[in-house]
Amino acid sequence: MRYISTRGQAPALNFEDVLLAGLASDGGLYVPENLPRFTQEEIASWAGLPYHELAFNVMRPFVAGSISDADFKAILKDTYGAFAHSSVAPLRQLDANEWVMELFHGPTLAFKDFALQLLGRLLDHFLTKRGERAVILGATSGDTGSAAIEGCRRCESVDIFILHPHNRVSDVQRRQMTTIAGDNIHNIAIEGNFDDCQEMVKNSFADQGFLKGNRLVAVNSINWARIMAQIVYYFHAALQLGGPQRSMAFSVPTGNFGDIFAGYLARNMGLPISQLVVATNRNDILHRFMSGNRYDKDTLHPSLSPSMDIMVSSNFERLLFDMHGRNGALVKELMESFKQTGKLSVEDERWTETRRLFDSLAVDDEATCATIAEVYRDCGELLDPHTAIGVHAARECRRSMSTPMITLGTAHPVKFPEAVRKAGLDEPQLPAHLADLFERAERCTVLPNSLTDIQQFVAAHGNRGKPL
Ligand SMILES: *Cc1c(COP(=O)(O)O)cnc(C)c1O
């Protein structure tokens, strides 16, 4: 499988190189040159498979030519064996034909484990084969950091540095990062906000001199391997509920458009999906596009669902690419004008065509808490605020009551106790494997909001705690 850039100018790469590259050299994002397509019979024959075997069938074409079947199978078995529920992604019924797919049984209790547990193992596989090491540098406002650290903690060939804003992430989220011990794990609390952290990561990718020739790898959702891993659970859900013989609708709590883009790809690969609901919080740039063809940048509004607090959605460019007949030159033009003006809209026919599949809703904090309370009252399922946004949007936007509607349950409620409290409910208990989280020792370095300080720190510790 070869991968091409959404801006049409970077060279095509194979899977291994895309995994290690992150952003394309022309500023675009990598997508498969040709999407694999499965027949209904093929998909139907996967019913009843364990999750890791289904994952192998769905992802095999994407990695073809880069990793052997036997190695890939072993990696997938190990990856999804680390989840705390034997079905990996269990479905819970809320109402007639209405379901939540619980994607929070991985080590850090959020769906990001599905991709980052796999990403860490794949990185280690390829780097070991090449005899190389890599430095991962990422910024987090919460979930990504812990999932990335958990995903890479056992990687021999990787040192991981995660920046978070000092005193601005929740206690559970911070401890999920800082209590993981390892001489290749480095938590840095920046005396600044999340944007400062992100800016430093961006600037470090742009000018890598401080790395003394070492490779820098991105773990945010622009990395293709993360999208790829998320396609699998759409197939998993559909196969549990009578697919592919009947079609499904999904509602997806959305920030950077990564998780829902995976659903869009699942549909293009042959899975009958009749509707995708983009569920956002007050940070609703995607809802403004889907409802009115206006992708206009706004200011950031902090919400009770912080993992979706974004101003622009990095993966939206991948959808734009398809919307424009995969014409990289057109996408480049659109993105460059968006960078200057902060505004983007597409031709009417392209937008109308997109809306045949996608609906959307922006849900405020009040409706989020009301949904948490209502679903708990009606079926005893305690939702986290992101998932509650998905359920609320599913109920408002649903096109057909006879099509199963599945909301992606993106995080465990214990990670977001403030929203649960505001819904008038008792805070949930930490699951068994994290029960002693508040007794574990923390490891974190506080650094000033300065790019030179961060880069010096990375250079001084980037080789299993030793200088690069
Ligand atoms: C990251 C995250 C999201 C948003 O996912 P995207 O792929 O960025 O759209 C939603 N909910 C939770 C809990 C998350 O951690």
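How many helices and strands are there in the protein chain? The protein chain has 18 helices and 16 strands, where helices (H or I, at least four residues) and strands (E, at least two) are DSSP runs numbered from the N terminus. This is a predicted model, in which local features need pLDDT of at least 70 and side-chain atom pairs count only at pLDDT 80 or more, while totals for chains, interfaces and linings use all residues. Residues are numbered from 1 along each chain as its sequence is written, and side-chain values use heavy atoms, with hydrogens and water left out.

**Figure 1. The protein chain as a whole.** Along the principal axes, the C-alpha atoms fill a box of roughly 60 × 50 × 50 Å. Of the 468 residues, 58% count as buried (under 20% relative accessible area, with exposed over 50% and partly exposed in between; 1.4 Å probe, protein chains only). Among contacts (heavy atoms within 4.5 Å) between residues at least 6 apart in sequence, 75% join residues at least 24 apart.

**Figure 2. The open sheet of three strands.** The 3 strands follow the order β2-β1-β3 with antiparallel pairing; two strands pair if DSSP finds at least two bridges between them. The edge strands, β2 (13-14) and β3 (30-32), each pair on one side only. Strand β1 (residues 2-5) is joined to β3 over 3 bridges in the antiparallel sense, and Tyr-30 in β3 is the bridge partner of Ser-5.

Figure 3. Strands β7 (residues 158-165) and β8 (residues 185-190) run parallel and are joined by 6 bridges, with His-164 opposite Ala-189 in β8.

**Figure 4. Helix α15 and its surroundings.** The 15 residues of α15 (residues 365-379) reach 21 Å from the first C-alpha to the last, close to the 21 Å expected (1.5 Å times one less than the number of residues). Buried residues in α15 include Ala-367, Cys-369 and Ile-372. The buried residues of this helix pack against β4 (91-95), α16 (385-397) and α17 (417-422). Just after α15, Gly-380 takes a positive phi of about 75 degrees.
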